[in-house]
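Q: Could you take a close look at one enclosed space in this model and tell me what surrounds it? I would also be glad to hear about the salt bridges.

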Amino acid sequence: MSTSLDERLHRYFDALDPEAVHGDPDRAIVRARSRRRHQLGGMAGCLIVVLAGLGIVGATLLDDDSPGPVVIEGEEGTGQRWIVGSSDRELGLLREAWAVGDDAIIGPSFVEPQDTEEGLRGLQVLRDDGDGKVIVDTGIDFLHDLAGAGDDLYAVGEMGAGMSNSPPGELAIAHSSDAGRTWDVVTTDVELPDDRSQVQIATSDDFLVIQARRGVDIGGQTAHVLHTFDLDELGTSVASRDASTGPWSPRASGGGVIVGAEAGEPLWSLDGTNWTEADPPTEDALMVAILSGEPVWIDVNFRVIDVGGIQTDLAQLLGAPEPFVSHLLVTSDGDELQVVVRADDSPDGYRLLRTEDGIDWSTTPLLGPPDGFDDVSYVDSHMTVDGEGRVMIDAILRPSGTDVLGPRSVLVVEPDAPSTPITGPVEGTVRDVELSHQLIEGPEVPFFSGTTGGFVDDGFVVWGSVQRAGSGPDDPLESQFMRWDGSAWATVTTPLVEGDPDDGGWGRTLVADDQGLALIGLVDGGDGTQLIESTDGGRTWTTAALPLEIHPYTFPAWSRTASHLLLGTFGGPNWFRNDGAYEESSRLVTPGGAYEVNPVGDDLWLRGSKDIDGDQVSWTMKLAGDGTVEEWTLGDDTGQMNHVFPLRDDTVTVVEENPPLLTTTVSGPSGEVVLNEVDGLEDFLLYDVRATGDELILVGADGRSSMLTGVGNLSNVLTLLWSSDGVSWSRYDIALDEGLEVGGSLIAVTDDQVLVELSAKDANSGEPSTSSGFAIVER
Amino acid sequence: MSTGAADATTEHVHEPRADREREFADFYERHHGAVARAIGATIGDAALGTEAADEAMARAYQRWHKIRGYDNPAGWTYRVGLNWSRSWARRHRRQDHRLHRPDAIDPRPADVDLERAISALSDDHRAVVVCRYLLDWSIETTADALDLRPGTVKSRLSRALSELERHLGATEERPS
């Protein structure tokens, strides 16, 4: 008997180690005091004195055995390296970090209460290089924030005062031009408001902005005061203004500064004097960067980036149906936008994307965690670009075998780090091709969905589920093999066991190629699974035993080159069988059948859908000849069809958007084409896709726009499209009579012919038309 | 002009400071760890949970003269910390379709299937499960802590447990 859910939950939560969290009430008290100026009022005077001296004791070499940062170069040619900070407590608590020079880290750090006689907490600057770890003397009494890039760093704080619960001191700015070794400090002409609660700094190329938050309301719209200083004259503010912004810190980007971005009115400026209230393209869009003097936006799901009105869906760009954009960082050095995004859930699944125009993107896989670490976290990280074009991303590494946070470290990406272009949207082309086709009225017994088949001799053989004419809707379906010999239909009999409960599924294994016909299944008098072959169009058959087990409700997938494979995916437990052995598939934990098996070379490409929380989610799987899964993609839960197909040495993804769009997008190495926007196609509605490896063939209907309004009919014209690159398409139309609506699916494709199944019905009555049947397109 | 805040401050300032801090320290010792673990389990990030608990405790200390009189000061702290952690995540551009990151739970639990099932819950559903099973709070206490009606808590808990059973059922149906 299984353990009750109650017991499991209690056991689960009890297992969370109570000792894992070590608290100290002093931490809360000190933290609270640091913002309690309203309540404590004049009592805070004593604290001023305490904090004024905290940690600001000159360049002090910390007395510990810290080895200093460790530089770990990526493999040759990656152009990347980790600068792993010291793992001891002080540097582990760096709030953020910059790489300076080739092997040093600098950043602001909290002083822990137990490190001071007074038991108070404050901010200090730590510099960690090969000579050891140093508390840097910025010359500022009470430090608020640090910013900058490269050798030029800036700090902001107050002189003659301490902590935010005291009356403000003189606002001071410190500057270092030697990567934080020495600092010059100046006091400014700015008076901070009495209720300032947080003071932050952002620097651009030639000015800096100090943002002082008023009040303590964290999380909502808060009032701020902005002060701008020229970098050449730090003592005198050149501009000041009030701002009501969201809680984000001011950020340097693209030669300017952005303040506020969340659910408010972000302000941005390229000179620190003239501020622009940005106009988001959508209500929830967030301004994340400045590129070429214009705002860059991202949607609230952090998935679609808008550069000058050009929108890029990161999921489509990366070919990742379910991208992990949970740790997205964005910055810009003015001419180029840099984005860090997680493309999959592996520790090395992060990529650096770059673009100059939002159209052409490149990608650089970022180094995973170095040896000794299991994971990397970019939570609470920031990304900067120095004057040499080095991209620096600070991160926290998790030591192997632990669940604790490790040292704050910096990943440095050199400007010459290799990147791969990702082609964005391209303009597809369609040209009409003069071909010929032959319409073939279907057999008297109408076929239902699931037809497969192929060319034989002068005709073709097809398989389908049928319901005998005149039988009721509840009558069972039967599978039926039919042969068209060029002039008439004939029933094909096979040795398959009559009444096989799975004959509907087994029938789908029909392979018809230049070697003849082949099936797998149970045969009368046979032992186990048999390979059944015919070289005369199904008139006579031979059988041979296969080392395969049959399991009820399986959906076999096989080809001549991979005939040892059997895939059970239909309606129940799912697993792969390979010569009798099987591998449980964690990918198909819920029922989801493959509705198409497409042999391409030695591989089998399967596509289907599965039910996830009530949503049908499409999937694609590539099975190699040895049964290993070489590709697996799962669509998102929006219900759109999203399948991957082989095309030459690469793959393309065909995405059929949901209503109301009903568009088809083909994206691959040559670019991304929205078929509905291509000149030469009016309004293409995709019905079916087939890949041969060299070509991608689509069948659908064009000109059905009236369907979207619910008025009018579907098209009476079936359109074939085929392409060898996903961009340049050829088109051929098969027109049926006016007044019909036509659907279709691809049965077989060769270099010379395409076999299409047609289903036609009267547009007004909905009655099936005798025009239903097949078409052979000669090409 | 006197304000409520000033009045409270006055009251607060006149209270013997050492007694107040001893009382708060006692509250902290008893509840900080549980609140931190609860927030960590809810959002799936133990480190952020601890930080959120720190923040909530700091706010509790600020308002201790008031919070101390609550029926469930820990509930108030849990909710403040949870809200703070979510706000923090937004502020720091950390967006996640499900904020919950099971891998970040500290330490890694043995019941992997249950961990996955919990991670699949919505944040709101996960919060009531955590309150009920990690903090062992009653429906009423949970409702008070999360500022919900008891009926809402019951409903969410029921749906959350159904979801968990469904996930676990699907897991157990797989062939072994």
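A: Strand β47(A) gives the largest share of the lining of the second largest cavity, three residues. Strands here are DSSP runs of E with at least two residues, and helices are runs of H or I with at least four, numbered from the N terminus. The model is predicted, so local features need pLDDT of at least 70 and side-chain atom pairs pLDDT 80 or more, while totals for chains, interfaces and linings use all residues. Residues are numbered from 1 along each chain as its sequence is written, chains are lettered from A in the order in which they are written, and side-chain values use heavy atoms, without hydrogens and water.

Along with β47 (603-612), the elements giving two or more residues to this lining are β46 (594-600) and β50 (641-647) of chain A. By class, four are nonpolar, two polar and two charged; Ala, Val, Leu, Ile, Met, Phe, Trp, Tyr, Cys and Pro count as nonpolar, Asp, Glu, Lys and Arg as charged, and the others, Gly among them, as polar.

The space itself is about 50 Å³, and the whole structure has two cavities of 30 Å³ or more. A cavity is a set of points, on a 1 Å grid over the protein atoms alone, where a 1.4 Å probe fits but cannot get out; lining residues have an atom within 4 Å of a point. Points are joined across faces, edges and corners, and the volume is the space filled by probe spheres set on them.

In chain A, D702(A), R731(A) and D733(A) are linked in a network, with 3.0 Å from N to O between R731(A) and D733(A). R731(A) is buried at 10% relative accessibility, whereas D733(A) is partly exposed at 31%; buried means under 20%, exposed over 50%, and partly exposed in between, with a 1.4 Å probe and protein chains only.

K761(A) and E741(A) also pair, at 4.0 Å from N to O. K761(A) sits in strand β59 and E741(A) in strand β58, so this bridge ties together parts 20 residues apart in sequence. Here K761(A) is partly exposed, at 38%, and E741(A) is buried, at 11%.

Definitions and conventions: On a 1 Å grid over the protein atoms alone, a cavity is a set of points where a 1.4 Å probe fits but cannot get out, and a pocket is an open set with protein on both sides within 12 Å along at least five of seven lines; lining residues have an atom within 4 Å of a point. A salt bridge is a side-chain nitrogen of Lys or Arg within 4 Å of a carboxyl oxygen of Asp or Glu.
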